[in-house]
Amino acid sequence: MARFEVTSALEVSPAQLYALIADTATWGDWFLLHDGFAEQPPEHIGVNTKLVQNIRMLGMTQRLDLTIAAFKPPMRLTLSGSSPAGVTCEFSFAIERSPGGCRLTIAGDFSGPVLTGQLAKVVEGDAQAQLTESMARLSKLTRSDAP
């Protein structure tokens, strides 16, 4: 199993950040793991919404069939799913209020028969690096959207 977690303080309200995260049209702007959608996502998402997303890790693209498992504006969005290769995953975006804005934690895991030992560690490292850069991009986007 490969687990990952990145937390960052952002100078934006929880509602503004959640609106950006829950808008799948913005994912290409900040979510580095995201490599497009294999099927057009719905305009609005909620619990049990299905998404067919392509992710890019370790230089390879993999399709994920995802379901919104938790949708609690403006504090939590959780997606879970699997790939045709038998890898299961979960991504959670958790927002906490903090002085001057909020804190965002992106956490999750990938698991499956091929994700053991050294490969799991390499996947963890790649996910951490991409999510760290995703946070930096979110920070820039939220600063540019500020009034």
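The paragraphs below lead through this predicted model from its nonpolar core to its surface and its loops. Residues are numbered from 1 along each chain as its sequence is written, and side-chain values use heavy atoms, with hydrogens and water left out. Because the model is predicted, local features need pLDDT of at least 70 and side-chain atom pairs count only at pLDDT 80 or more, while totals for chains, interfaces and linings use all residues.

In soluble globular proteins, nonpolar side chains tend to be buried together. Here the largest nonpolar core has 39 residues, a core being a set of buried Ala, Val, Leu, Ile, Met, Phe, Trp, Tyr and Cys residues joined through side-chain atoms within 4.5 Å, where buried means under 20% relative accessible area, exposed over 50% and partly exposed in between (1.4 Å probe, protein chains only). The residues with the most contacts inside this core are Leu17, Trp30, Leu79, Phe91, Phe93, Leu104 and Phe110. Its largest share, six residues, comes from α3; helices (H or I, at least four residues) and strands (E, at least two) are DSSP runs, numbered from the N terminus. Leaving aside neighbours within four places in sequence, Trp30 is in contact (heavy atoms within 4.5 Å) with Leu20, Ile21, Phe93, Ile106, Ser134, Arg137, Leu138 and Leu141.

One of these partners, Arg137, also forms a salt bridge with Glu133 (3.5 Å, N to O), the term standing for a side-chain nitrogen of Lys or Arg within 4 Å of a carboxyl oxygen of Asp or Glu. Both residues lie in helix α3, four residues apart, which is about one turn of the helix. The structure holds two salt bridges, and in another part of the chain the side chains of Arg63 and Asp65 meet in one at 2.7 Å, N to O. Arg63 counts as partly exposed because its relative accessibility is 35%, and Asp65 is partly exposed at 30%.

Asn48, in the loop between β2 (34–37) and β3 (50–57), has a positive phi near 75°, and its relative accessible area of 54% makes it exposed. Leu58, in the loop between β3 and β4, likewise has a positive phi, near 55°, but is partly exposed at 37%. The peptide bond from Pro73 to Pro74 is cis, with omega near -5°, and Pro74 has its place in the loop between β4 (60–72) and β5 (76–82).
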